[in-house]
Amino acid sequence: MTDEKKKEYSMRIGSANPSEIVVILYDMLKDDLSGTGSDEDIDHAELVIVHLRTSLDFSKECYETSSNLLSLYDYVGRLLSKARLKGEKSADRVRLIDEAISVLDPLSEAFREVASKDNRPAAMANAEKTVAGMTYGRAGLSEETENYDRNRGFLV
């Protein structure tokens, strides 16, 4: 993942509610799996799968849904592990990654729909705000941050 993409995702996460964060994780997965199919892309995709697993809610009300999602995440994790064992230019690797994408795409769309109806405030309500705009300097686009609070990102 490029530094520019990392910065973009960091900015999105800073202003996202919990449902939107899950959507962002799915977007990261799609970027990783639609990339070159390199070992680095697979490594990052596996880390994102770990984050999705740990975000599951196994309370009484959500247990069945979370168990089903956990099974799907485990399956995708196994697909990615198998893909890693294939050569980077292997047709088998491409097939395994495509299968992982086909499992994740409907989930991504479902979470995107849920997030569009979620009106909760940002998870990091105390995050610094970033303002981007053109300046008269040579560098072009500049970004400024506000809220230099030492508790940035944590609700107190």
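Helix axes here are lines fitted to C-alpha atoms over the stretch in contact, and the angles between them run from 0 to 180 degrees between N-to-C directions. Everything below comes from a predicted model, in which local features need pLDDT of at least 70 and side-chain atom pairs count only at pLDDT 80 or more, while totals for chains, interfaces and linings use all residues. Residues are numbered from 1 along each chain as its sequence is written, and side-chain values use heavy atoms, with hydrogens and water left out.

**View 1. Helices α2 and α5 pack against each other.** Helices are DSSP runs (H or I, at least four residues) numbered from the N terminus, and among them α2 spans 18–34 while α5 spans 91–117. The axes of α2 and α5 come within 9 Å and cross at roughly 155 degrees. The two helices are therefore roughly antiparallel to each other, a label given to angles over 145 degrees. The crossing of α2 with α5 is left-handed, a word used if the near helix is turned anticlockwise from the far one by less than a right angle. Contact means heavy atoms within 4.5 Å, and on the α2 side the residues involved include V22, Y26, L29 and L33, whereas those of α5 include I101, L104, S108 and F111. By class, this contact has 13 nonpolar, three polar and five charged residues, where Ala, Val, Leu, Ile, Met, Phe, Trp, Tyr, Cys and Pro count as nonpolar, Asp, Glu, Lys and Arg as charged, and the others, Gly among them, as polar.

**View 2. A cavity is lined by residues of α2 and α5**. A cavity is a set of points on a 1 Å grid over the protein atoms alone where a 1.4 Å probe fits but cannot get out, and its lining residues have an atom within 4 Å of a point. A search of the whole structure finds one cavity of 30 Å³ or more. The largest cavity has a volume of about 60 Å³, a volume being the space filled by probe spheres set on the points, which are joined across faces, edges and corners. The lining consists of Y26, L29, K30, L33, I101, L104, D105 and S108, and by class it has five nonpolar, one polar and two charged residues.

**View 3. Helix α3 packs against α2.** Helix α3 covers residues 39–54, and it packs with α2 at an angle of about 160 degrees, with their axes 9 Å apart. That makes α2 roughly antiparallel to α3, and their crossing is left-handed. In α2, V22, L25, Y26, M28, L29, D32 and L33 meet D41, H44, A45, V48, I49, H51 and L52 of α3. The residues of this contact divide into 10 nonpolar, two polar and two charged.

**View 4. Helix α3 also packs against α4**. The angle between α3 and α4 is about 165 degrees, and their axes lie 10 Å apart. These two helices are therefore roughly antiparallel to each other, and α3 passes α4 in a left-handed crossing. Among the residues in contact are I42, A45, I49 and L52 of α3, together with Y73, V76, G77 and L80 of α4. This contact has nine nonpolar, two polar and six charged residues.

**View 5. The second largest pocket holds about 320 Å³ of space**. A pocket is an open set of points with protein on both sides within 12 Å along at least five of seven lines. Of the 16 residues that line the second largest pocket, the closest to its centre are V22, S55, L56, L69 and F111. Helices α2, α4 (63–85) and α5 each supply at least two residues of this lining, and the largest share, four residues, comes from α4. The lining divides into 10 nonpolar, four polar and two charged residues.

How values were computed
Angles under 35 degrees count as roughly parallel, over 145 as roughly antiparallel, 65 to 115 as roughly perpendicular and the rest as oblique.
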